[in-house]
Amino acid sequence: SQVEKEKLTWSDRIPGYAANFGLILFMIMLTFAAVFGVIVYRITTAAALSFSTNETTRSNVRVTVTATAVIINLVVILILDEIYGAVAKWLTEIEVPKTEKTFEERLILKAFLLKFVNSYAPIFYVAFFKGRFVGRPGHYVYVFDGYRMEECAPGGCLMELCIQLSIIMLGKQLIQNNLFEIGIPKLKKLFRKLKDERTEPKEMDTNQSKDPQQWDLDYILEPFTGLTPEYMEMIIQFGFVTLFVASFPLAPLFALLNNIIEVRLDAKKFVTELRRPDTVRAKDIGIWYNILSGIGKLSVIINAFVIAVTSDFIPRLMYQYAYSQNGTMHGFINHTLSYFNVSHLKAGTQPEHSLFAKDVLFCRFKDYREPPWSQNQYDFSKQYWAVLSARLAFVILFQNLVMFLSVLVDWMIPDIPKDISEQIKKEKSVLVDFFLKEEHEKLKLIESFITRDKQKHKSGTKGERIRAASFCQFNRSQKGSFASFSSQHTDV
């Protein structure tokens with residue numbers, strides 16, 4: 001009865017699960033709010049710099065805004081990463097998991113979800129959302145009733161995505177994976193040493209003059225907290241390398257260089273900065289394998305959308321093979337621009353200082369829309385729907401092709417090399433032969449014991465028969481002697 005009282009029921013666990021759900025949702029919304037804050041910073045800073053009197057400042061507005069916004073994104077990501085790690089641990093503790101393995105799996109899932117959203121939300125925005133909700137001339141989308149939504153550069157958002165990904169990835173690796181890994185354990189070690197010196201009573205001068213023992217030096221080191229942070233670094237880096245590799249092809253090279261440095265830094269950290277870890281046996285990497293597999297499948301879909309939606313790959317192919325008169329790219333820019341009648345601008349939104357000497361009747365903007373003289377003016381044109389269908393068809397084709405190739409490569413290249421599998425088979429056969437030999441020897445020993453027992457049994461029954469026969473003969477002789485004795489006595 002006492003054991004049953006100590007067990008937690010569903011009613012006991014519901015508050016913990018509700019707190020988990022609410023706080024995780026709040027932190028994801030906090031990440032989106034930070035991304036939106038950086039968007040507002042971009043819009044307002046670009047508007048402010050555009051009114052600058054300095055011509056150099058006006059000409060470099062886009063570069064300045066992009067660089068500073070990416071640095072702000074990087075700082076926010078680093079701060080929120082540390083907060084999310086501590087919050088994920090606290091949320092897992094209030095769930096009260098049954099086993100240590102369950103605790104670790106739930107902690108990994110929460111930390112990965114929060115850090116995944118935190119690390120990739122700004123990149124997802126630039127890749128798939130920036131410049132998609134701008135509107136058109138005469139019907140722009142405004143933020144705070146005065147600022148237009150930001151647009152991509154005339155060449156598209158692919159270059160900005162490359163800059164964003166490179167700065168966030170390299171900054172995260174340099175600051176969080178390298179500097180923090182060495183600096184934070186050293187600071188904690190120093191803080192613990194100073195704290196111990198203050199709290200411990202002063203010993204005698206004879207004891208102070210002695211060199212500290214090895215266990216004292218080991219106690220000063222930082223306690224080992226597990227391999228979860230090391231795995232998390234590699235998983236997030238794997239996401240940077242695979243999810244958007246189409247926009248930043250040098251990402252694998254930088255990841256390789258970082259990992260070469262990381263191996264040596266981790267070796268130094270584990271030997272000189274951390275206490276000796278407790279050895280635990282494990283047959284595989286556990287839930288990390290499922291996370292890696294999921295990121296690998298997700299990366300195929302995201303790269304397909306990056307190529308199809310973010311870049312101009314599909315519009316260029318469509319123009320070259322469907323709309324070009326001579327099969328070349330001549331006239332592609334003109335094909336992607338639509339017409340707009342300047343007189344359709346809303347009052348108060350016309351340009352105040354025109355750069356042209358004479359009045360302009362029509363302007364061009366990048367979109368596939370019907371011209372103002374059409375019956376359905378400014379609606380999406382047939383080219384827009386043709387390009388959109390081609391983009392979706394490319395995504396489906398690319399995804400299935402890559403998935404098929406990955407399955408084919410997985411089938412062609414076994415998980416265990418052929419020589420190792422043959423060696424394992426030989427070891428198994430040797431082990432089976434050894435066990436058979438042992439069993440055969442045991443069987444021989446048992447048979448020898450059985451034959452020995454049979455021989456003893458036979459010899460025992462034969463002796464009993466001899467003793468019985470001799471006893472019968474003795475009885476007969478006794479009877480004969482008694483008869484002769486009686487006859488002799490009667491004769492007398």
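Before anything else, I took helices (H or I, at least four residues) and strands (E, at least two) as DSSP runs, numbered from the N terminus. I am reading a predicted model, where local features need pLDDT of at least 70, side-chain atom pairs count only at pLDDT 80 or more, and totals for chains, interfaces and linings use all residues. Residues are numbered from 1 along each chain as its sequence is written, and side-chain values use heavy atoms, with hydrogens and water left out.

I found Tyr-378 in the loop between β6 and α14. Its phi is near 65 degrees, a positive value in a residue other than glycine. Tyr-378 is buried, at 5% relative accessible area; buried means under 20%, exposed over 50%, and partly exposed in between (1.4 Å probe, protein chains only). Asp-367 sits in the loop between β6 (362–366) and α14 too. Setting aside residues up to four places away in sequence, Asp-367 touches Thr-336, Leu-337, Ser-338 and Phe-380, where contact means heavy atoms within 4.5 Å.

**Entry: helix α14**

I checked the length of α14 (residues 382–412) next. Its 31 residues at 1.5 Å a residue should span 45 Å, and the end C-alpha atoms are 44 Å apart, which agrees; the expected span is 1.5 Å times one less than the number of residues. I listed the buried residues of α14 as Val-387, Ala-390, Arg-391, Phe-394 and Val-395. They pack against α11 (287–310) and α12 (313–323). A reminder to myself: an α-helix has 3.6 residues a turn, so residues three or four places apart point the same way.

**Entry: the annotated spans**

I looked up the UniProt record, an unreviewed entry, whose "transmembrane region" annotation covers residues 21–43, 63–87, 107–128, 234–257, 285–309 and 384–409. UniProt positions are in the numbering used here, feature names are shortened, and annotations may be inferred rather than shown by experiment. I compared two of these spans with the model. Residues 107–128 are 100% helix and 0% strand, with end C-alpha atoms 30 Å apart. Residues 384–409 are also 100% helix and 0% strand, and their end C-alpha atoms are 37 Å apart.

**Entry: α5 against α9**

I saw that α5 (residues 100–129) and α9 (residues 228–243) pack at about 35 degrees, with axes 11 Å apart. Axes are lines fitted to C-alpha atoms, for helices over the stretch in contact, and angles run from 0 to 180 degrees between N-to-C directions. From α5 the contact includes Phe-112, Phe-116 and Tyr-120, and from α9 it includes Met-232, Ile-236 and Phe-240.

**Entry: two leucines**

I placed Leu-78 in helix α4 (residues 61–95), where it is buried at 10% relative accessible area. Beyond neighbours within four places in sequence, Leu-78 contacts Lys-172, Ile-175 and Gln-176.

Leu-23, in helix α2 (residues 10–50), counts as partly exposed at 29% relative accessibility. Leu-23 touches Trp-90 and Leu-91, not counting residues up to four places away in sequence.

**Entry: the whole chain**

I finished with totals: the protein chain has 15 helices and 6 strands, and buried residues make up 29% of its 492 residues.
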